[in-house]
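Have the sequence and the 3D view ready, and follow along.

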Amino acid sequence: MLRTPAPATAGSLAEQLGLATPEFQDVELAPVVFRRARAKITAGKPTQREMLVSATAVEALVGSLGFASASAMFAAAFGVLVDEALLVIASLSEIEAGGAVCGYRLVLREAVKLEV
């Protein structure tokens, strides 16, 4: 699930003053391949994973969510929700075949946890 900002609703005075609680929407990304990133795991560093997403699925989401491009949609996203864990998008790249984009590669990492 891709977690993106929910569309704003006009109305309340609190929202006009910037006091409204931000809302999110989770939209399904499918089909995908989810796997451990090739990078070597080092102690103390968050584990990285990568997700390969179909370009057809991304194009459908870009249009339905009103973004100008896939890179704009992923830049606005808060992360990817996998089994109730929110993973941050560390990087995004296009996968090309024959000069056309056929997919996207997202490198995901665990969110930094603050310990008190």
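Helices (H or I, at least four residues) and strands (E, at least two) are DSSP runs, numbered from the N terminus. This is a predicted model, where local features need pLDDT of at least 70 and side-chain atom pairs count only at pLDDT 80 or more, while totals for chains, interfaces and linings use all residues. Residues are numbered from 1 along each chain as its sequence is written, and side-chain values use heavy atoms, leaving out hydrogens and water.

With that settled, the protein chain has three helices and seven strands, and along the sequence they come as β-α-β-β-β-α-α-β-β-β.

Now for the sheet. Two strands count as paired if DSSP finds at least two bridges between them. The seven strands form an open sheet in the order β2-β1-β5-β6-β7-β4-β3, with antiparallel pairing. At the edges sit β2 and β3, each pairing on one side only. In general, strands of a sheet pair through backbone hydrogen bonds, either parallel or antiparallel. Here, β6 and the antiparallel β7 are joined by 10 bridges; for L87, the bridge partner in β7 is E110.

Here are some strands to find in the viewer:

| Strand | Residues |
|---|---|
| β1 | 2-5 |
| β2 | 24-27 |
| β3 | 32-36 |
| β6 | 85-97 |
| β7 | 100-110 |

What lies across β1, β2, β4 and β7? That's helix α2 (residues 55-65), which runs at about 80° to β4 (48-54). The angle is taken between N-to-C directions, from 0 to 180 degrees, with axes as lines fitted to C-alpha atoms, for helices over the stretch in contact.

Let's zoom in on T4, which is found in strand β1. Is T4 buried or exposed? T4 is buried, with a relative accessible area of 1% (buried means under 20%, exposed over 50%, partly exposed in between, using a 1.4 Å probe and protein chains only). Leaving aside neighbours within four places in sequence, T4 is in contact (heavy atoms within 4.5 Å) with E23, F24, Q25, L65, A77 and F78.

Beyond four places in sequence, L106 touches several residues, including M51, F74, V80 and I89.
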